[in-house]
Amino acid sequence: MVKHERVAAIVGVAESDLGIVPNKSVLQLQAKAAKLALDDAGFAKDDVDAIFTAGNWSWAPNMMLAEYLGIQPKYTDGTNIGGSSFESHVAHAAAGIRAGLFDVALITYGSTQRSNPYRPQETAVRLTDQFERPFGLPTPVGAYALAAMRHMHQYGTTSEQLAEVAVAARSWAAMNQKAMKREPISIQDVLDSRWICEPLHLLDCCLVTDGGGAVVVASAKAAENAKKPPVWILGHGETHTHNTITNMPDLTITGARESGQQAFRMAGITHDDLDVVEIYDSFTITVLLSLEALGFCKPGESGEFVSGGRTAPGGDFPMNTNGGGLSYCHPGMYGIFLLIEAARQLRGECGERQLQDAKLALVHGTGGVLSSSSTVILGRD
Amino acid sequence: MTVVPRPVLDGDSLKYWEGLRNEELWIQRCNDCHQHIFYPRSICPDCFSEEITWVQSGGTGKIYSFTVVHHAFGPFKEQLPFVVAIVELDEGVRMMTRLKAGSKNPSVEQRVKVIFERLDEELTLPYFEPV
């Protein structure tokens with residue numbers, strides 16, 4: 001792989017309405033986000049020749065969505081590996097563009113899980129689910145709690161250290177008008193919130209919101225016609241290590257180790273080159289495990305790494321600058337919003353929370369029960 | 001009686017669930033690479049051999065991790081709080097389980113042994129309790 005290959009770029013990003021959005025369907029949310037993202041790029045619907053989406057609202061989300069939007073793509077990818085699907089969509093779009101298969105990809109996501117919660121009452125469990133579901137572990141939070149408990153046992157990680165992640169996210173959210181939760185919280189507030197699954201408290205867990213998002217990826221050639229400067233896709237990597245939490249090889253090591261290494265190698269950069277990181281924060285433990293596996297610190301040292309407000313505004317490791325899934329929004333599969341925020345930081349569009357002169361960003365999604373990992377490294381000219 | 005999600009027995013799992021009904025914990029071993037295997041399957045995830053043998057587990061092991069659950073869905077709500085654990089059997093494989101109600105102060109690495117929680121005539125679940 002040629003380093004710093006500028007072949008494909010993010011040229012448009014947008015959210016739909018976020019938060020509590022009653023009376024809108026997942027198709028409406030995605031249509032709104034798609035239109036806004038194409039407007040952001042200065043592209044028309046007919047420029048789109050590849051469709052990417054992930055959801056469980058249809059047996060074939062790509063076909064339902066593309067029909068609704070009036071798009072007949074020449075490339076379609078419905079990879080669904082949970083919340084990190086959209087990092088993989090960006091990676092697959094870059095690969096498809098590199099292969100010369102299409103020029104403009106539209107990636108969308110939408111969920112109404114807040115206003116229309118759908119949790120089917122399971123009466124029968126099939127295939128490999130049958131060895132876990134009868135024990136009643138709530139998914140996904142219980143699985144993340146198992147990982148957190150193991151990490152605490154192995155490394156002495158504390159609830160206070162986990163809480164740092166939630167507190168920092170909230171202080172970023174205070175500077176994001178679109179964030180759902182903006183009032184400041186303290187470490188003590190996190191510790192005082194009720195248990196969900198020990199050792200995770202309520203405030204260790206992401207929000208449950210509605211919302212949608214869209215990202216437009218273009219070939220270098222198509223990007224020349226975009227309204228805004230390109231956010232280049234410089235490196236990417238993905239893997240999944242297991243499906244059920246019991247089969248995670250080591251509860252303290254995620255597949256970010258592999259996806260991160262691959263992305264850094266492809267981009268030809270090192271950790272110190274990065275200006276901002278957006279790391280999926282489904283739960284506070286998700287961030288700690290990701291930081292270690294991505295190599296920002298050694299195994300077991302992530303608790304100390306985030307302490308003292310290091311990832312908060314003004315800290316020397318700006319992370320999750322929109323407030324994250326913990327405080328901004330979390331409509332089920334949050335990964336697309338990491339990409340939206342990274343692109344905006346690199347374009348200098350983030351107003352009060354804008355980082356100075358941000359040139360390189362790392363985006364890392366985690367899906368399932370720490371099952372899938374997908375890393376994207378983005379940079380501007 | 002609480003109606004928990006019921007396993008749909010298939011070509012992999014039939015013998016496992018039948019064993020539990022008889023208060024026996026059966027796992028598998030690969031005849032070629034000699035690794036133990038759980039959950040049951042038709043091919044070795046280590047060496048891809050199809051020469052798989054059922055073996056009865058000694059039923060002892062240690063807690064790899066656990067969580068005290070305070071928030072659950074559906075039929076499990078009325079059981080709160082309860083402890084779900086991942087147990088590593090002495091044979092080397094891990095399985096999800098529930099610690100017996102009333103197990104005091106569970107801890108990671110604690111030694112445990114299997115008990116058989118009979119829900120009804122059809123379904124027995126493998127729970128564990130501290131040794």
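**Strand pairing and the chain contact**

I began with A:Phe52, whose bridge partner in strand 4 of chain A is A:Ile107. I kept in mind that the model is predicted.

I then looked at the pairing around that bridge. Strand 2 (residues 50-53) of chain A runs parallel to strand 4 of chain A, with four bridges between them. Strand 4 of chain A also pairs with strand 8 (residues 210-219) of chain A, this time antiparallel and over eight bridges. For one of the residues there, A:Leu106, I found A:Val216 as the bridge partner in strand 8 of chain A.

Next I asked myself: are the faces of strand 4 of chain A covered or open? Both are covered: A:Val104, A:Leu106, A:Thr108 and A:Gly110 are buried on one side, and A:Ala105, A:Ile107, A:Tyr109 and A:Ser111 are buried on the other. Strand 4 (residues 104-111) of chain A is largely enclosed by the rest of the structure, because eight of its eight residues are buried.

I moved on to the chain contact. Here 29 residues of chain A are in contact with 30 residues of chain B. On the chain A side, strand 5 (124-125), helix 4 (141-155) and strand 6 (195-197) each supply at least two residues. Helix 4 of chain A gives the largest share, six residues. Sorting that side by class, I noted 14 nonpolar, eight polar and seven charged residues.

Strand 5 of chain A and strand 1 (residues 6-7) of chain B run parallel, joined by two bridges. A:Val125 has B:Pro7 as its bridge partner in strand 1 of chain B.

Conventions: Residues are numbered from 1 along each chain as its sequence is written. Chains are lettered from A and ligands numbered from 1 in the order in which they are written. This is a predicted model: local features need pLDDT of at least 70, side-chain atom pairs count only at pLDDT 80 or more; totals for chains, interfaces and linings use all residues. Two residues are in contact if their C-beta atoms, placed from the backbone, lie within 7 Å. Ala, Val, Leu, Ile, Met, Phe, Trp, Tyr, Cys and Pro count as nonpolar, Asp, Glu, Lys and Arg as charged, and the others, Gly among them, as polar. Two strands pair if DSSP finds at least two bridges between them. A residue is buried if 20 or more other C-beta atoms lie within 10 Å of its own, exposed if 12 or fewer, and partly exposed in between; C-beta atoms are placed from the backbone.
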